[in-house]
Amino acid sequence: MAPGPFSHPNSSSSSFILVGVPTLEAFPICLGILFCSAYILALLGNSMVLLVIVLDGSLRDPMHCFLAMLAAIDVVIVTSIVPKLLGIFWLHSNQIGYTACFVQMFFVHSTTSEESGVLLAMAFDRYVAICHPLRYRMILNRQTVAQICLAIVVRALLFMVPLTGMVTNLPYCHSLVVPHSYCEHMAVTSLACADPNPSRLYSISVSSLIVGMDTAFIAASYLMILKAVLGKASCRRAFSTCGCHICVMMLYYIPGLLSIYVQHFSQAVSVRAQVLLADLYLVLPAMLNPIIYSMRTRRIQKAVLNVLLPRKAHGCHSTQ
């Protein structure tokens, strides 16, 4: 039985009702299998990437540090939404507590901001490696890498703390049924009986600023990389190492931008399409990122083999 409406934003006995994917409630088993499979692949793939980077001493360069951070962020993203989504599909567990809802919102939106920052850091890493190879270790030393990682997290917190304060202080006295599969900001604030536009304006403004700045700096990095590659034949092979980053970047930004602006500005797109797009934007990159890097990076392939087949790998190495 659904809980009654409430007007005080800090009512601990209150809960929201997550719909799941609107108009697709009749297919819970199929949807659950799809998302469960994606979740397992994302967990296994990103955990393996983290494991090989931690265990393999040769993968301690800045690029692999950023890759490890990306893998950790992807694990947090999918774990924030998929288990609850599977509960909705398979156990009909649609209720989510008031506090749990906003904790989920915080983690989802802060980690997506962090992922954009990691992609920018990876682009900067490729720029330094290709355009200033002799100064690479000096520019991206351990202290600088740690400061970059800290700045990525702090920026996400500076974005989310004010937004969380705005959203939690709204009174929710209308229907508590969230037309979404997780506590997405726009879907939750649509239930407020006060004006939600300040939080929405803040969200779209800061999101656009973060994505706009990051993509602009990434584009500038690749323009300088292309200039170096076209000018020096020796740099062309190094440019091939950017392929993984470009694939991951497109996989993140294209559906991400579509999801953000469709939910804010498009009334012609159905709620079902908006929810599926938002879910795929969070789950698909987390599932495919480790696959892309494992397939395109020989050092990670060798490290994975060393972890999975240590004796065999050692024996092959000793016979060479």
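This is a predicted model: local features need pLDDT of at least 70, side-chain atom pairs count only at pLDDT 80 or more; totals for chains, interfaces and linings use all residues.
Residues are numbered from 1 along each chain as its sequence is written, and side-chain values use heavy atoms, with hydrogens and water left out.

**Figure 1. Overview of the chain.** Twelve helices and three strands make up the secondary structure. These are DSSP runs, numbered from the N terminus: helices are H or I with at least four residues, strands E with at least two. Of the 320 residues, 48% are buried (under 20% relative accessible area; exposed is over 50%, partly exposed in between; 1.4 Å probe, protein chains only). Contact means heavy atoms within 4.5 Å. Among contacts between residues at least 6 apart in sequence, 78% join residues at least 24 apart. The accessible surface is about 15,800 Å², and carbon and sulfur atoms hold 70% of it. Areas come from the Shrake-Rupley method with a 1.4 Å probe; for residues, only the protein chains shown count as cover.

**Figure 2. Helix H3, residues 98–131.** The end C-alpha atoms of H3 are 50 Å apart. The expected span is 1.5 Å times one less than the number of residues. H3 is mostly covered, with 25 of its 34 residues buried.

**Figure 3. Asp61 in the loop between H1 and H2.** Helix H1 covers 28–55 and helix H2 covers 62–91. Asp61 is buried, at 9% relative accessible area. Its side chain makes a polar contact of 2.7 Å with that of His64. Such a contact is a pair of N or O atoms within 3.5 Å; within protein, one must be able to donate a hydrogen and the other to accept it, and residues adjacent in sequence count only if both atoms are side-chain atoms. Beyond neighbours within four places in sequence, Asp61 is in contact with Arg137 and Arg299.

**Figure 4. The Arg126–Asp125 salt bridge.** The structure holds two salt bridges (a side-chain nitrogen of Lys or Arg within 4 Å of a carboxyl oxygen of Asp or Glu). Here the N to O distance is 2.6 Å. Arg126 and Asp125 are both buried.

**Figure 5. The Asp214–Arg155 salt bridge.** These side chains meet at 2.9 Å, N to O. Asp214 lies in helix H7 (residues 197–231) and Arg155 in helix H5 (residues 142–168), so the pair ties together parts 59 residues apart in sequence. Asp214 is buried, at 1% relative accessible area. Arg155 is partly exposed, at 25%.
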